[in-house]
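Subject: Structure handover

Hi,

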Amino acid sequence: MTTGYLLQQLINGLVMGSVYALVAVGFSMIYGIVRLINFAHGDVLMVCAFSAFAVLLVFGLPLWAAVLAVLTVGAILAMLIDLVAFRPQRAAPQVNGFITSLGVAILMQNLAVLLLSGQPRPFNLPTWLRTNLDVLGARMTVLEVVTVGLTLAVLAGLLFFVRRTRLGIAMRATAENPTAARLMGVRVNRAISTAFALGGALAGLAGLLWAGRAGQIDPLMGFVPGLKAFVAAVIGGVGSLAGAVLGGYLLGFAEVFFVGLLPPGYGSFRDAFVFGLLILILLVLPNGLLGRPAEERA
Amino acid sequence: MRFRSLLAAAGAIALAGGFLPAQAQEPIRVAALYALTGGLSSLDGPSLKGAELHVEQINEAGGLLGRPLELVVYDTRTDQQVTATTAQEAVSAGVVAGFGQSDTTFVMAAAPTFQDAGIPFVTSGATHPMLPTWVGENMFMTAFGDDDQSYAIADYAYDTLGHRRVYVWTDDSMDFTRALTFFFKERFLERGGEIIDEDFFMMGDTDFSAQIARLEAVDPVPDAVFISAIPSEAGLSIRQIREAGITMPIISGDGFDTELVATVPGPELANDVFFSTHTYLADDRPEVQEFIDAYTAKFGHPPENSFAPLGYDAIGLIANAIRQAGSAEPEAIREAMTATRDYPAVTGVVSYTRENMVPPKPVSIISVQGAQFNVEEIWRPE
Amino acid sequence: MRLPMHSLGRHHLAWGLIAAGAVALVAYAEGHLSGYERTVLGFAGIYAMLAISLSFSNGLTGLFSLGHPAFMMVGGYVAAILTFPANRKGFMLPGLPDWLATVQWPLFPATLAGGLAAALVAAVVGFPVLRLRGHYLAVATLGLIVILRTVVNNANDVTRGALGLNGIPRHTDLWWILAWLAVALLVCWRLKHSSVGRSLLAIRENEMAAACMGVPRARAKLAAFALGAFFAGVGGALWAHLLTNLTPGSFGITLAFMLVVMVVVGGSGSLVGAALAAVAVTLLGEALRPLEQAAGAYGLVQILIALLLIATLLLRPQGFFGSAEPSFLRPRPRAGAADPGAPGPHSRAEEREMSP
């Protein structure tokens, strides 16, 4: 096991972790503000991936158009889902939202299969993104560098947004206590819509990167990212944005390491080991990595 | 029970009425069980389309025994419980035969029900050589067995490509891919080759970077990597391997028989890929071109993969058996199926000559260069 | 644990009628319906039992467990290995110890063994894991499904790995399912309306207060979890002997979600509601299938069910029965006695069900 090999696996983990972090943080944003496990998050990702496909490979428009498309489609779709499915349920028990989002997810998946057929389609970003670079002896494609860089930039931007801008602060206020926020003049519904829009846009971006990395899209591709987002967000501590990011990276590294560092024969145990690790973490830190036991309601 | 005898009486009266045009006769109902939604839909969907094409052709030519052929289609949703329940439904609906399913695991959820009811079931796409032994005399296969195809590709790799040291990747979540690897290793080692090591992944994985890093680190460089995967991972693995700059040949079985193997990597990367599959592409028998033309005319695009002609052939085998038997009774169909010899299927001539009831069918070795498929060799069984 | 048995109340009559109706239905079905129809009814019954047990462990106790499919897998495989024909068992499952390879049990002891094995696994796993709450518990139990599936998938000599077990003798019929359904309902009902049930409810409402009142939290949660797992194991065993086919992929994450859906739609904490929702969803799915076939639009059934689900929750967020059992099935409470099945001062608590 050479240092070159280790470095390569490290980079793999970093890239996978970045994509997971992006999906997880969008998921966590929605959870933080409305306490809703949004299972349709993965399917928003799927729709955005297909939008990018349409823009790039059907209409032949340049890359920036695809980026714009995924951000816009993601934001609008997420807001729409909130308006139609979740807003009427604000007062209902939490688990209802979970189930409603499940219903929306099933709806989206089956509509996509019905309208687009279940066949996978090739998805290729422009070639310059797929060229290999030499990074300290290991190999990275331009897309991988972009993925990591973009993720970090987006996260920094998010941090700034929720700390420094009015809308961001309004969102945090709403997340803490919607009633008090409303009393203080915060436009709660607008804050919530913004959260959904941001979450959806992040899902869209993640969809573009995920599809570009894999090279293939299909109507059921959202299930796995959605599940990983859920797991990563929970491990990081539900409702904590930084935690979601941490959870995403942890998941990415764990997946790569359990395949890359154990003898090859253990590759099929990867998912079991990853979950085993996660359960162990939860046993030591029952509220996730950065979660607060703030949900104790007496 | 009363309904059945009523139906029989009606049928008898109709038959007694003399020769009637196909449209006015009681249809012969055959169940088609396919996963039209869910993970296997990219295989089963085309199979059903191929079958529907054939049914249309048969009915336009006057039907079977003067009666129209009717497909009763069930979506098995890539779900074992649904597959088993729909098998029950089909059997209770009074079909005379059933066919469908491209994967061994799901065939095993449906076929035993047909076996118990004494109704023949023909799998269009499943390839495990033990299927007829496991299920019983009502189980029929349209395709070759995994042992045949794995031996064919192993021999090709050893003899023609000159490979001696191969690395193996296996999709560990599916029985089909495991069987493929098992038989490949058996043959390759028997011939004197060496299996360097094995890596695993799961159906649904989209990222192979960890396995690729390990493959890159093998020293000296292997002659080839054998990847046992189904279509949804086939294109992905080739593309990611090639993108990493690994140029060693990639070999596989019929799980690679999909246009995704060419389109996902694209013309620059889809090179030096070799796989064994059902013979139909670039086979110059007239049945093949007629099928491709008819399929394209009906659906507006050529067959997506080799599972389309397999579906066409499955219902073809049943129709042939009905004609040979001169009867549409399940027992008669079964006997005629067992006695099938030299049926000119699109995917190769079918005869159930072996004791294990796995049809000895020709295996094509296909190469992919610059995203173009070429038939390198056709291995014909003795 | 005492129930007011002083007189034959209205609820006794209601239960009696329901029992008679069920027996009549099963008798008719076994005699007159086709194999397919009986299979569908069979699954409806199994789902009902699963939903009842999940309603008990999740709804009543407030645990957010997605682990039912894992326990179904344990119960299913254990029972199947026990009932598998001895003449084939030896070469199909070479890794089994001799005493296992030669036995061939009938359905009832095998089912019982399956349920107990599942309960054992739950007890062992629950010990550390039940300290977690809410979504954290959900992820941990989800992990259980994945881990167990990987183990079964790789233990080729004992479970035949990815190929799974097939040719399992089709022992399950509607009588067995009805019997186990009745047992599950009886046990969960009695426990729910007893001090045990009240302890669990107290834990759900406010764990800290419950601890202050002397409720043995850890043991109670473990017991509820294990009980739910027992019936899940039984459900898995019955499932295996209805389908005759079992693979590591038989019980997955989607099933876990579907069960939670049934519990919530029926009303968290309402056993009868969960059972009815389970039956309704199963039968609806089958009834709508001809529609899908006729239209050639595959996926339509899923879409319709999803729409119905969303509509139901929008129109009736507490589920059909909320936390209460239908009033005609409950004994009329004596003056002053608390009835955990009825709404009342607890209603606000329903809003905080399953909060993390």
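This is a predicted model: local features need pLDDT of at least 70, side-chain atom pairs count only at pLDDT 80 or more; totals for chains, interfaces and linings use all residues.

Buried residues account for 59% of the 382 in chain B. Chain B is built from 13 helices and 14 strands. A compact globule with 382 residues would have a radius of gyration near 21 Å, and the 22 Å of chain B agrees with that. Its C-alpha trace spans about 75 × 35 × 35 Å along the principal axes. If you take the contacts in chain B with a separation of 6 or more, 68% of them are between residues 24 or more positions apart.

Two spots in the backbone of chain B deserve a look. As background, most residues other than glycine have a negative phi, and most peptide bonds are trans. The peptide bond that runs from Asp219(B) to Pro220(B) is cis, and its omega is near -5°. You will find Pro220(B) in the loop between α8 and β8 (224-228) of chain B. The other spot is Asp272(B), which is not a glycine and yet has a positive phi of about 55°. Asp272(B) sits in the loop between α10 and β10 (273-278) of chain B.

Now to chain C. Its secondary structure consists of 17 helices and two strands. Of its 356 residues, 54% are buried. For 356 residues the expectation for a compact globule is a radius of gyration near 21 Å, and chain C agrees, with 21 Å. The box filled by its C-alpha atoms, taken along the principal axes, is roughly 65 × 50 × 45 Å. Among contacts in chain C between residues at least 6 apart in sequence, 82% link residues at least 24 apart.

The axes of α2 (residues 35-60) and α12 (residues 217-243) of chain C come within 8 Å and cross at roughly 170°. How do the two helices run? An angle over 145 degrees counts as roughly antiparallel, and α2(C) and α12(C) are therefore roughly antiparallel to each other. On the α2(C) side the contact includes Ile46(C), Met49(C), Leu50(C) and Phe56(C), and on the α12(C) side it includes Phe225(C), Phe231(C), Leu238(C) and Trp239(C). By class, this contact has 13 nonpolar and six polar residues, and no charged ones.

Thr244(C) is a residue other than glycine with a positive phi, near 60°. Thr244(C) is buried, with 21 other C-beta atoms within 10 Å.

Helix α2 (residues 41-58) and helix α4 (residues 94-116) of chain A have axes that come within 9 Å and cross at roughly 30°. Since angles under 35 degrees count as roughly parallel, α2(A) and α4(A) are roughly parallel to each other. Their crossing is left-handed. From α2(A), Asp43(A), Met46(A), Val47(A) and Phe50(A) meet Ala105(A), Met108(A), Gln109(A), Ala112(A) and Leu116(A) of α4(A). That contact is made up of seven nonpolar residues, one polar and one charged.

Finally, the interfaces with chain A. Where chain C meets it, 38 residues of chain C are in contact with 39 residues of chain A. The helices α6 (107-129), α7 (134-154), α13 (253-266) and α16 (300-315) of chain C each supply at least two residues of that side, and α7(C) gives the most, with ten. This side of chain C has 25 nonpolar, eight polar and five charged residues.

Chain B also touches chain A, with 33 residues of chain B in contact with 31 residues of chain A. The elements of chain B that each supply at least two residues here are α2 (41-60), β7 (194-201), α8 (209-216), α9 (231-243) and α10 (260-263). The largest share comes from α9(B), with six residues. By class, this side of chain B divides into nine nonpolar, 15 polar and nine charged residues.

Terms used
Residues are numbered from 1 along each chain as its sequence is written. Chains are lettered from A and ligands numbered from 1 in the order in which they are written. Axes are lines fitted to C-alpha atoms, for helices over the stretch in contact, and angles run from 0 to 180 degrees between N-to-C directions. Helices (H or I, at least four residues) and strands (E, at least two) are DSSP runs, numbered from the N terminus. Angles under 35 degrees count as roughly parallel, over 145 as roughly antiparallel, 65 to 115 as roughly perpendicular and the rest as oblique. A crossing is left-handed if the near helix is turned anticlockwise from the far one by less than a right angle, and right-handed if clockwise. Two residues are in contact if their C-beta atoms, placed from the backbone, lie within 7 Å. Ala, Val, Leu, Ile, Met, Phe, Trp, Tyr, Cys and Pro count as nonpolar, Asp, Glu, Lys and Arg as charged, and the others, Gly among them, as polar. The radius of gyration is taken over C-alpha atoms; the globule rule is 2.2 Å times the number of residues to the power 0.38. A residue is buried if 20 or more other C-beta atoms lie within 10 Å of its own, exposed if 12 or fewer, and partly exposed in between; C-beta atoms are placed from the backbone.
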